[in-house]
Every structure is written in structure tokens, then in C-alpha cells.
Amino acid sequence: MKRKVSLVIKTAVFLVLLAAVLLAVMVVTERKTSYMKNKSFFEEAKKDHLDVLFIGSSHVINGINPIDLYEDYGITSYNLGGHGSLLKESYWQLIRALDYCKPKYVVVDCFMMDRNYEYVDEMYEETPEEFRQAAISQLHLNMDAYPLSKLKIAAVKDLVHDPKIQYQYLFDFIVYHNRWSELEQKDFQKLSGDGEYNMLMGAEMKHELEWNTNDMTEYNPEERLPEHTVCEEYLMKIIDECQRDGIGIVLTYLPFSAEVQDIQSANSAADIAATYGVPYINMLNMDGIIDPMTDLADPGHLSSTGAKKVTDYIGGWLSENADLIDHRGDEAYSNWDKLGKSYNKEVRSLSIRQRLLTTQLNMLTLGKTSAIVYVNEDSPALQDPWFVHLISNLTGTEKVYEASRNHQQYFMLIDRASGNVYEAADYEQLENMSTAMGEMTYIPVEKRFRLLYLTSDEDTNFLYDDEHLKDDVQIMTYDNENGEILSHIYCESSHSYEIDE
């Protein structure tokens, strides 16, 4: 009898240990992207800290920054957008989120409302297989972090038709068990609760600019979708759900380089908004919200500067039209302040040095550092319309165009402490410039020799270095308050805008 009891106990202990090991293996091998994106959502929802939820596709992930929204308006929100998410996916994302919190407002973007198919694994017949596989993979981002439940099962069955593919989302160990060769330190950190996580409340900013045209399809307000789509149906379900639960709802169409079907979708969304009596912010049809040459990271997605402008616009709308509390200064929301400081530090770092000169010039518009820019006469950069536009966007003037037209050298100093912008073209001189570094003077002497010095130290020329005579573009950054030089970057623009290390 004792032996049987002992055997039962040993067996039970073994099974418990085996279960613990299997659970640990599952935690370690699962991809952490969904956990990282949604970790803060579960934490803030539990505290009842989320007044606004943003749902939609990657346009939302890259286009709305909850940290900027909090810093500028005190509004607490979470970005639940998903890469490639159709409105059908956004509907289920909202339904699952409402299991954890009840926001005061939901903002839903209507991109891809033209899509008219039921399942992410069964698209149009002509859809390339790689697109289908990408959609299947992208769905994991918003799905994996949620525990198995009746609601999750319902969502998976409504979004995915093939039972074998459904299992990927219900039992994700099926997909991730063979990741042993990919494991990194962060994969094991989740066991202790110290894993990395998204620090922008679900948003992902695109800082780098690699698209430099401004071709935009002419907006025709008469265009409409030729047929009623599945995504239209689910947009109406989202509105119904919010109105039934007493949650305010705003429809948006965030800006990007739209095509005809996008304009059709935007106008059809306006019709739905009017039918339901809900507000609609169509930024495709609004001039001046973004600058396509600086605020789009690529034709389809906003850059971080574009996201800043769009977030500011929506924040202004919510402040004027929604009864939301300004949580700034409330100790209970101190974590938001910490995340804000962290993000500002990141932006400042990117303003000091970036892989591409063009991206750094754009980041400087966010004002985290002061800057000096010098471009040699006959520089290829000044014959590049995109580069010239970036400079003009930074200064807010058209002085650089004068230098560009006449193949002249160009100098610019923007001092954030005083708010002054100083510019010179050709052989113009600038004296007694007030800066956080001290009073400065700029004197161009000849094509490859110019002076920039502190009035108190004429021997130190900031704009000359024998080792960089071939470089035709220079950028210096310095601290807005104490004038400390943070970086001095040289670039030979005839090769590329890659920054020399």
C-alpha cells in the first residue's frame, strides 16, 4: 500500500514538473511580438487608465502616437492597430479589448474598406500566395497575446477558414516549437516578467525617410465603392457595438499616398458615418495636415513627424469634442510621464545622429536639439528638390531655394533657446547670432573655406576640417539649453546621404 501511495505521489510530482517544463518551453519559444505590443494594454486596462482605443491597420500603428497624445493633451489611449488588419480584424480586436476595459472613445480608421473577402487565408483568386501568407503571419500580432477563450475561438473561426491554420492562433506552440535556433536572451526574459515591451502604448514609429516624391492622386469626392464589402459590414458592426455600449466613436481615414480605391473607400466611409450620425475625420481630403515629402516614410505609411501632426490633430479634436480628463500631473499616471521622457530621449538621439542625412534633417524639425547646417556651393545636394525641401521645412523659409537656383553655398543656424533662425546664401555674412553656445559669427571666405566661430573665441573655426574637404554637407547639433556640441556630421552627397562614421 505504501509503495502504491509513493508511486502515485512520484507520478503526480513528475506530471507537475513535466507540465511546468512544457509551459516554460511554450513561453520561451513563442514569438514575443504580440506580447511586447500588448503587455501595457493589459496592465493599463486593469488600472482603468485607457480613455481612448485606436483600431485599424498599420496606418494606425505608424500614424497615432499615444505618448504624444498624452504629453500634449493628457489623454490616455492605446494603439491596437495591426499590420495588415482589415476592418473585420479590427472588429474582433475591439470585442476582445472590451473584455478588459471600457474606453470612453474608440477611433477606427477605415483603410482597406474596399476589401471584400471573408477570411485572411482565402483572399481573391488573383492574390499572390506571399500576400496570403503575410496576412496569416500578421494576424498573430494582435491575436497571440490574448489567452484562449470562447471569444478568441469565435474570432479565429470568423477570420480564418482552414481549421489547420486556425490551430496556429488557438495553440500557437504549433507554430513556434521549432524556434530553438532563433532564441535570444529576450525570449527567456518573459519567464521572469522582465521581457521587452512596446513603450509607445502599442504604436510603432517609422523615423527613416526613404521616399522622396510627392505624387498624390487627385481627390474626387464623387467616387464610391462599386459594391457593398465585407469590411463595410464590419465597420457598421463596430459602430453598432460602440453605440450599444455607450462608447463614443470617431471614424478616420489617415493620410498617405492614396490610390483610386482608397478614395472610393474614404467617401463610402463618409456615407456610413452620416447614416449612423458619427463624426468622421477624412484626412485624405484635408490640405495642410501633412507634407508628403517629409511626413511619409513610404507611400503607404506616415513617418514619425507625420504621426506627430496627425496625433496632434486628433488630440485637438478629442479635446474640443469629447469630455475626457487631462491626466497630466496625476501621480497615478506617472508611468506615462516616464514613457514620454524615454521617447523624447529617443527622438533627441535620432536628431543628433541618424543613418541617413535626410532622416536626421527631418527629425530636427521636432525641436529636441538646435542645429547648424552648411552646404558647399555647387553641392549636388542643393540640386536635389527633396533635400532642398527638407531644409526649407526645417527653417520655415525659402532662403535655401535662392542658393539652390544660383548654385551658391548655404548656411543655416536654428537656435531653439532663442527661437531664432539665421540663414545666408552665397557670400552673405552673419554677425552677432544669439545662440545657446554664445554669440556667433559666420563669414564665407571661398568655396571650400568659411569661418564659424564664437565671438569670444575667433581661433576656433567650427566649419573647417582638413580630413573632410571632399564632404559638401555638414550638420552640427548642440544642446538647446547649455549649448554643448552633441555631434558634427559630414557627408559627400554625390555618393549618397549616408552619414560618415
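Trainee: Which residue is the bridge partner of L413 in β10?
Mentor: Y422 is the partner of L413. Keep in mind that this is a predicted model.

Trainee: What makes β9 and β10 a pair?
Mentor: Count the bridges: six of them join β9, residues 410-415, to β10. Pairing takes at least two bridges, so β9 and β10 count as paired, and they run antiparallel. The two strands form a hairpin with four residues between them. In that turn, G419 has a positive phi of about 80 degrees.

Trainee: How many strands are in the open sheet that holds β9, and in what order do they come?
Mentor: Five, in the order β10-β9-β8-β14-β15, with antiparallel pairing.

Trainee: What makes β10 and β15 edge strands?
Mentor: Each of them pairs on one side only; β10 covers 420-425 and β15 covers 485-491. From one strand to the next, the twist averages 5 degrees.

Trainee: Which helices pack on that sheet?
Mentor: Helix α15, residues 334-352, touches β14 (473-478) and β15, and its direction makes about 40 degrees with that of β15. Helix α17, residues 385-395, touches β8 (370-375), β9, β10 and β14. The direction of α17 makes about 35 degrees with that of β9.

Trainee: Why is V375 called buried?
Mentor: V375 has 0% relative accessibility. The cut-off for buried is under 20%, so V375 counts as buried. This residue is found in strand β8.

Trainee: What is V375 in contact with, leaving aside its neighbours within four places in sequence?
Mentor: A381, L382, F387, Q409, Y410, D472 and V473. As for Q408, it lies 33 residues from V375 along the chain, and their C-alpha atoms are separated by 8.7 Å.

Trainee: What about the open sheet with β11, β12 and β13: why do β11 and β13 stand at the edges?
Mentor: That sheet has three strands in the order β11-β12-β13, and the pairing is antiparallel. β11 (430-433) and β13 (449-454) each have a single partner strand, so one side of each is left without a neighbour in the sheet. Neighbouring strands here are turned by 15 degrees against each other on average, direction ignored.

Trainee: How do you know that β11 and β12 pair?
Mentor: They share two bridges, in the antiparallel sense, and β12 spans residues 440-446. The requirement is at least two bridges, so this pair meets it. M433 stands opposite M440 in β12.

Trainee: What makes us say helix α5 is mostly covered?
Mentor: Eleven of its eleven residues, 87-97, are buried. Among them are K88, E89 and R96, along with W92 and L94. What covers the buried residues of α5 includes α2 (33-46), β1 (52-55), β3 (105-109), α6 (129-143), α7 (150-159) and α11.

Trainee: Which residues have the most contacts inside the largest nonpolar core?
Mentor: The core has 96 residues, and those are F41, L53, M113, L235, L251, V310 and L318. Helix α11, residues 230-244, gives the largest share of this core, eight residues. Leaving aside its neighbours within four places in sequence, F41 is in contact with L50, L53, Y78, L80, A97, Y100, C101 and Y146. There is also a second, separate core of 28 residues, including L357, L361, I391 and I414.

Trainee: How many cavities does the model have, and what lines the largest one?
Mentor: The count comes to six cavities of 30 Å³ or more.

Methods: Residues are numbered from 1 along each chain as its sequence is written. This is a predicted model: local features need pLDDT of at least 70, side-chain atom pairs count only at pLDDT 80 or more; totals for chains, interfaces and linings use all residues. Side-chain values use heavy atoms; hydrogens and water are left out. Axes are lines fitted to C-alpha atoms, for helices over the stretch in contact, and angles run from 0 to 180 degrees between N-to-C directions. Contact means heavy atoms within 4.5 Å. A nonpolar core is a set of buried Ala, Val, Leu, Ile, Met, Phe, Trp, Tyr and Cys residues joined through side-chain atoms within 4.5 Å. Buried means under 20% relative accessible area, exposed over 50%, partly exposed in between (1.4 Å probe, protein chains only). On a 1 Å grid over the protein atoms alone, a cavity is a set of points where a 1.4 Å probe fits but cannot get out, and a pocket is an open set with protein on both sides within 12 Å along at least five of seven lines; lining residues have an atom within 4 Å of a point. Grid points are joined across faces, edges and corners, and a volume is the space filled by probe spheres set on the points.
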